[in-house]
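The sequence and structure come first, and the notes follow by topic.

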Amino acid sequence: MKLGTATVAVLVVLAGSWYAFRKYSQPSCGNAAKLSIGAPADIVPALKAQATEWSEQAKLDHNCVDIEVFEEDPADVAAALAGKANKTLTGVGQANGKTRIPDAWVADSSLWLQRLRAAGAQGLPETAKSIARSPVVLAMPEPIATTFGWPEKQITYTDLIGKVATDQKVKVGIVEPSRDATGLGGLLTLAAAAQAAGGGNPAQATQVATAALRSLAAGRSSLRADLVQKFPRGSDATTLSSGLSVAPLSEQAVIQYNGQQPPVRLAALYAEPAAPALDYPYAVLGTDRASIANELLKSLDSQGFRDKLGAIGLRGADGAPGKGFQTPANAPATPAATQLPDAAAIEGLLTKWQAITLPARMLAVIDVSGSMLEPVPTAGGATRMQVTLEAARKGMSLFDDSWALGLWVFSTLMDGKLDYKQLVPIGPLASQRNQCLQALSTIQPKRNGDTALYDTILAAYKTVQQGYESGRVNSVIVMTDGENDDPAGGLSLEQLIAELKKTADPAKPIQVILIGIGDKVGEVQMRQITDAIGGGTFVAQDPAKIGDIFLQAISLRGQVTQPK
């Protein structure tokens with residue numbers, strides 16, 4: 001049928017009228033209100049979809065809102081917020097110059113807000129509502145998880161500590177906890193379990209905890225993507241034993257990993273006690289956009305948003321999953337919420353972590369005076385020398401290849417007129433670990449040898465200073481069982497302290513750690529030295545406990561006293 005000219009004209013007029021109605025009945029968005037939201041990549045897809053949906057609805061209600069959701073690493077935003085108050089967070093450092101501070105910030109964990117408040121950052125809300133949740137689990141290749149009793153047995157972090165301590169094939173990994181909330185949650189829980197494994201004995205607890213932290217440090221990665229690449233790609237025994245055995249990861253990370261159909265799937269172990277979960281707090285930072293941000297927040301409590309979360313492996317804020325959520329085997333329907341530790345405990349643990357894991361350059365100096373031949377009744381008759389060397393060997397096993405280590409012995413007249421002797425020069429353990437172990441095996445006490453402690457401390461200090469390396473903890477660690485006793489004279493206590501202060505360079509700080517063995521050491525004098533120059537004094541009244549004391553000294557490198 002053909003349309004007449006008049007009919008066509010009418011249709012054109014009607015169409016134009018409808019276009020004009022649609023154009024002018026819709027609000028003009030040339031001056032749309034703007035809102036920026038920064039969030040980790042884990043949750044950005046769901047946030048973007050919800051923000052788009054909400055802003056479209058706002059247009060229908062004649063309100064124009066332009067919402068930008070962008071990816072930003074929580075550590076970078078935290079660094080920027082701390083930097084505004086001239087503060088830094090332990091292990092985080094200064095902000096990336098490209099980091100944007102959004103109007104509303106969705107961190108992956110309330111741990112970030114807690115750390116920022118403790119550091120004195122400004123502009124943070126008193127409370128921030130959680131909009132999603134992902135439990136922190138122990139991720140294990142399924143063949144390895146079965147050796148822990150999965151999926152029937154409820155696994156504990158204490159089980160993991162015990163397995164790591166007794167089975168060298170178990171390789172533990174972690175994402176750098178100072179910059180990653182999942183890593184921090186796992187670190188907090190593992191450290192607490194290690195302390196509990198000490199059975200109420202502080203020294204034993206410190207030893208277990210330090211060993212656990214060193215095991216974690218050996219398998220740490222800066223990024224989660226790098227960590228997951230360490231999991232085995234085959235189920236044969238050789239491949240399993242050479243790959244990563246276990247790492248704390250978010251439940252979402254395990255779901256996404258398995259979604260890629262890897263050769264070996266990961267099991268998610270919901271170990272007890274539960275680590276602090278990722279809870280995605282929604283913090284409004286810009287007061288001029290607060291009303292818009294809070295209106296959007298209301299829509300994030302909807303079933304629609306829960307379903308968007310479920311599609312990317314996240315749970316709703318209450319822990320219940322939405323549609324499309326791929327529930328891991330043996331997962332609780334709704335994981336219980338976990339209480340955050342206090343800020344002081346968090347920063348204390350991170351300081352200890354930094355002290356243990358920072359690349360170190362150390363000169364170890366061991367007393368070989370005649371008194372080191374004395375037997376130790378509580379060590380089955382082993383001599384002081386034997387228990388000291390065993391402690392040194394165990395301690396060295398905790399140092400990774402990034403460390404540099406040198407070894408001296410001292411008594412009196414050990415190398416011509418020198419009261420000390422170099423066995424191994426300070427150098428990278430990556431190339432001279434065996435040399436250090438061999439040198440330890442050859443050390444013997446010098447019968448009738450005395451203890452030229454003060455001259456040796458000064459010489460060791462100057463040696464470390466001469467080869468000082470920035471970016472490392474440069475230190476001298478001296479193990480001795482007696483007071484300074486030098487028949488040839490040598491430095492007095494006052495002269496030693498004066499020389500150390502004169503030699504010290506604030507731009508090249510060196511820690512002096514003195515470890516006393518037995519009840520005849522000059523503890524008062526030792527403390528005067530370390531108080532004056534910076535360092536710490538530790539005394540094992542029972543020489544059999546020297547191993548525990550050695551580990552305490554190493555683990556506290558970041559907390560020893562600064563010079564007065």
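Helices (H or I, at least four residues) and strands (E, at least two) are DSSP runs, numbered from the N terminus. The model is predicted, so local features need pLDDT of at least 70 and side-chain atom pairs count only at pLDDT 80 or more, while totals for chains, interfaces and linings use all residues. Residues are numbered from 1 along each chain as its sequence is written, and side-chain values use heavy atoms, with hydrogens and water left out.

**Cavities**

- On a 1 Å grid over the protein atoms alone, a cavity is a set of points where a 1.4 Å probe fits but cannot get out, and lining residues have an atom within 4 Å of a point.
- Grid points are joined across faces, edges and corners, and a volume is the space filled by probe spheres set on the points.
- The structure holds 2 cavities of 30 Å³ or more.
- At least two lining residues of the largest cavity come from each of β11 (360-367), α15 (384-397), β12 (404-415) and α16 (429-442).
- For residue classes, Ala, Val, Leu, Ile, Met, Phe, Trp, Tyr, Cys and Pro count as nonpolar, Asp, Glu, Lys and Arg as charged, and the others, Gly among them, as polar.
- The lining of the largest cavity has 12 nonpolar residues, 1 polar residue and no charged residues.
- The second largest cavity has a volume of about 40 Å³, and its lining consists of K129, S130, I131, L297, L300, D301 and A317.
- By class, the lining of the second largest cavity has 4 nonpolar, 1 polar and 2 charged residues.

**Second largest pocket**

- A pocket is an open set of grid points with protein on both sides within 12 Å along at least five of seven lines.
- The second largest pocket holds about 420 Å³ of space.
- Of its 18 lining residues, D73, P74, D180, L223 and R224 lie nearest the centre.
- Both α3 (74-84) and α9 supply at least two residues of this lining.
- The lining of the second largest pocket divides into 9 nonpolar, 1 polar and 8 charged residues.

**Aromatic rings**

- Rings of Phe, Tyr and Trp (its six-membered ring) pair if their centres lie within 6.5 Å; planes under 30 degrees apart count as stacked, over 60 as edge-to-face and the rest as tilted.
- A search of the whole structure finds 2 aromatic pairs.
- F231 and Y257 form an edge-to-face pair, at 6.1 Å centre to centre and 65° between the planes.
- F231 lies in the loop between α9 (224-228) and α10 (237-242), and Y257 lies 26 residues away in helix α11 (residues 251-259).
- Both F231 and Y257 are buried, where buried means under 20% relative accessible area (1.4 Å probe, protein chains only).
- The W408 and Y420 pair is stacked because the ring centres are 4.8 Å apart and the planes lie at 5°.
- W408 in strand β12 and Y420 in strand β13 (residues 418-428) are 12 residues apart.
- W408 is buried, with a relative accessible area of 4%.

**Charges over rings**

- A charge sits over a ring if NZ of Lys or CZ of Arg is within 6 Å of the ring centre and within 35 degrees of the ring normal.
- R100 lies over the face of F70, 4.0 Å from the ring centre.
- K163 lies over the face of F148, 5.4 Å from the ring centre.

**Y270**

- Y270 is in the loop between β9 (266-269) and β10 (281-284), and counts as buried at 16% relative accessibility.
- Not counting residues up to four places away in sequence, Y270 touches residues including P135, Q154, E251, R315 and N330, where contact means heavy atoms within 4.5 Å.

Technical notes: Buried means under 20% relative accessible area, exposed over 50%, partly exposed in between (1.4 Å probe, protein chains only).
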